[in-house]
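Please look over the sequence and the model below. A short report follows.

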Amino acid sequence: MVSGANAAFTGNGTGFTQSPLPQWQMVESSSVANQNCGFLLGSTQNANFTNCPIGYVVYDSNKFPSLATYYAPPITGVYHLQFSATEFSTFDHVTKTTTAAVTVTP
């Protein structure tokens with residue numbers, strides 16, 4: 001995808017007995033000092049690529065299947081968008097996770 005563009009993603013999963021809690025994040029966010037880097041819930045209002053050079057994924061944490069939009073940073077590279085769905089029950093929880101590589105070009 002082109003630097004500065006955005007792309008839509010859908011996270012889904014099967015085998016759950018109840019609606020799971022979705023979560024999106026950028027895998028590289030763990031290497032950036034700002035702990036809120038990589039994801040925003042519901043709005044890009046606080047997006048700042050100076051503090052988060054890996055881009056942002058925006059999603060609604062109350063819907064499943066989960067729709068998300070990735071906003072590519074101005075810096076080219078390969079970034080990894082991770083989706084997890086977790087179903088919580090009284091005695092246990094089940095999590096399913098997948099990761100997509102996103103190549104950002106000039």
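## A charge over a ring

The charged end of Lys96 sits over the ring of Phe16, 5.2 Å from the ring centre. A charge counts as over a ring if NZ of Lys or CZ of Arg is within 6 Å of the ring centre and within 35 degrees of the ring normal.

## Basis of the model

This is a predicted model: local features need pLDDT of at least 70, side-chain atom pairs count only at pLDDT 80 or more, and totals for chains, interfaces and linings use all residues. Residues are numbered from 1 along each chain as its sequence is written, and side-chain values use heavy atoms, with hydrogens and water left out.

## Overall fold

The chain has 0 helices and 7 strands. Helices (H or I, at least four residues) and strands (E, at least two) are DSSP runs, numbered from the N terminus. Along the sequence the pattern reads β-β-β-β-β-β-β. The radius of gyration is 14 Å, close to the 13 Å that the globule rule gives for 106 residues, so the chain is as compact as a globular protein of that length. That radius is taken over C-alpha atoms, and the rule is 2.2 Å times the number of residues to the power 0.38.

Buried residues make up 32% of the 106 residues. Buried means under 20% relative accessible area, exposed over 50%, and partly exposed in between (1.4 Å probe, protein chains only).

## Strand β2

Strand β2 covers residues 21–26. Its covered face holds Pro22, Trp24 and Met26. Its uncovered face holds Leu21, Gln23 and Gln25.

Strand β6 (residues 77–88) runs antiparallel to β2, and 6 bridges join them. Strands pair if DSSP finds at least two bridges between them. Leu21 has Thr86 in β6 as its bridge partner.

## The aromatic cluster

The structure holds 3 aromatic pairs. Rings of Phe, Tyr and Trp (its six-membered ring) pair if their centres lie within 6.5 Å; planes under 30 degrees apart count as stacked, over 60 as edge-to-face and the rest as tilted. The rings of Phe9 and Trp24 have centres 6.5 Å apart and planes at 55°, so this pair is tilted. Phe9 lies in strand β1 (residues 6–11) and Trp24 in β2, so the pair ties together parts 15 residues apart in sequence. Phe9 is partly exposed, at 22% relative accessibility. Trp24 is buried, at 4%.

Trp24 also forms a tilted pair with Phe83, 4.7 Å centre to centre and 50° between the planes. Phe83 lies in β6 and Trp24 in β2, so this pair ties together parts 59 residues apart in sequence. Phe83 is buried, at 4% relative accessibility. Ring pairs link Phe9, Trp24 and Phe83 into a cluster.
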